[in-house]
Amino acid sequence: MFGGKAERPVRPGGALSVIGADVAIKGDVITTSDLHVDGAIMGDIDCGQLIQGASSRIEGVVKARTARLAGTIQGSVAVVALTIERTARISGDVSYETLAIDAGAQVDGKMAHRGENKPPEPPLRLTDTSDADG
């Protein structure tokens, strides 16, 4: 528009949302746009595409169409197309349709391939079944 440069079209669902390295969020992040996380999120993430920086930390359930994970995740991951980079450290179950893992990546949890029409399994919840009276 200005200076003779062509405007970039906005994709349906919105543009890229960035959570910088100096940002910490307590709560869920839900968006239809792409999400780039370099900071910390203590809550669930549900987005179109997730790109996680190597220094970032996520504590919660991650759901996305596609994801490139490079940081630390404590929680389950349910993604259609998943790339786990060598710096990634995941503690939780992972479900995917397509998967690429770089040498050096660490996953401590169950890896489960899901079919195209199979929904992701809900995360496991721990309950205390001990008798309080003794």
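The following legends describe close-up views of a predicted model of a single chain.

Local features are reported only at pLDDT of at least 70 and side-chain atom pairs only at pLDDT 80 or more, whereas totals for chains, interfaces and linings use all residues. Residues are numbered from 1 along each chain as its sequence is written, and side-chain values use heavy atoms, with hydrogens and water left out.

**View 1. Overview of the chain.** The secondary structure comprises 0 helices and 15 strands. Helices (H or I, at least four residues) and strands (E, at least two) are DSSP runs, numbered from the N terminus. Of the 134 residues in the chain, 32% are buried; buried means under 20% relative accessible area, exposed over 50%, and partly exposed in between (1.4 Å probe, protein chains only). The accessible surface comes to about 8500 Å², and carbon and sulfur atoms contribute 52% of this area. Accessible areas come from the Shrake-Rupley method with a 1.4 Å probe, and for residues only the protein chains shown count as cover. A contact is defined by heavy atoms within 4.5 Å. Among contacts between residues at least 6 apart in sequence, 5% join residues at least 24 apart.

**View 2. The largest nonpolar core.** This core contains 22 residues, and those with the most contacts inside it are Leu35, Leu50, Leu69, Val77 and Leu82. Elements that give two or more residues to the core are β4 (35-37), β6 (45-52), β8 (62-69), β10 (77-84) and β12 (94-96). A nonpolar core is a set of buried Ala, Val, Leu, Ile, Met, Phe, Trp, Tyr and Cys residues joined through side-chain atoms within 4.5 Å. In soluble globular proteins, nonpolar side chains tend to be buried together. Not counting residues up to four places away in sequence, Leu69 touches Leu50, Gln52, Val77, Leu82, Thr83, Ile84, Glu85, Ala88 and Ile90.

**View 3. The salt bridge between Glu85 and Arg68.** The side chains of these two residues meet at 3.1 Å, N to O. Glu85 lies in the loop between β10 and β11 (89-91) and Arg68 in strand β8, so the pair ties together parts that are 17 residues apart in sequence. Both partners are partly exposed: Glu85 has a relative accessible area of 22%, and Arg68 one of 39%. A salt bridge is a side-chain nitrogen of Lys or Arg within 4 Å of a carboxyl oxygen of Asp or Glu, and by this rule the model has 2 salt bridges.

**View 4. Glu59 and its surroundings.** Glu59 belongs to strand β7 (residues 57-59). The side chain of Glu59 forms a salt bridge with that of Arg57 (2.9 Å, N to O). Glu59 is partly exposed at 31% relative accessibility, and Arg57 is also partly exposed, with a relative accessible area of 31%. Beyond residues up to four places away in sequence, Glu59 touches Ile41, Met42, Gly43 and Gln74. The C-alpha atoms of Glu59 and Thr72 are 8.4 Å apart in space, while the two residues are 13 apart in sequence.

View 5. A polar contact of 3.1 Å joins the side chains of Ser56 and Gln52. Such a contact is a pair of N or O atoms within 3.5 Å; within protein, one must be able to donate a hydrogen and the other to accept it, and residues adjacent in sequence count only if both atoms are side-chain atoms. With residues up to four places away in sequence set aside, Ser56 touches Val37, Asp38, Gly39, Gly71 and Thr72.

**View 6. Gly27 in the loop between β2 and β3.** Gly27 is placed between β2 (24-26) and β3 (29-30) and is partly exposed at 26% relative accessibility. Leaving aside neighbours within four places in sequence, Gly27 is in contact with Ile41, Met42, Gly43 and Asp44. Gly27 and Gly60 are 33 residues apart in sequence, with a C-alpha to C-alpha distance of 9.4 Å.

View 7. Leu99, Ile101 and Met111 make a nonpolar patch of about 220 Å². Patches are made of residues with over 30% relative accessible area and no salt bridge, with like charges joined within 9 Å and nonpolar side chains (Val, Leu, Ile, Met, Phe, Trp, Tyr) within 5 Å. Met111 lies in strand β15 (residues 111-113) and is partly exposed at 31%. Gly115 is in the segment after β15 and is partly exposed at 32% relative accessibility. Gly115 and Thr98 are 17 residues apart in sequence and 9.7 Å apart in space, C-alpha to C-alpha.
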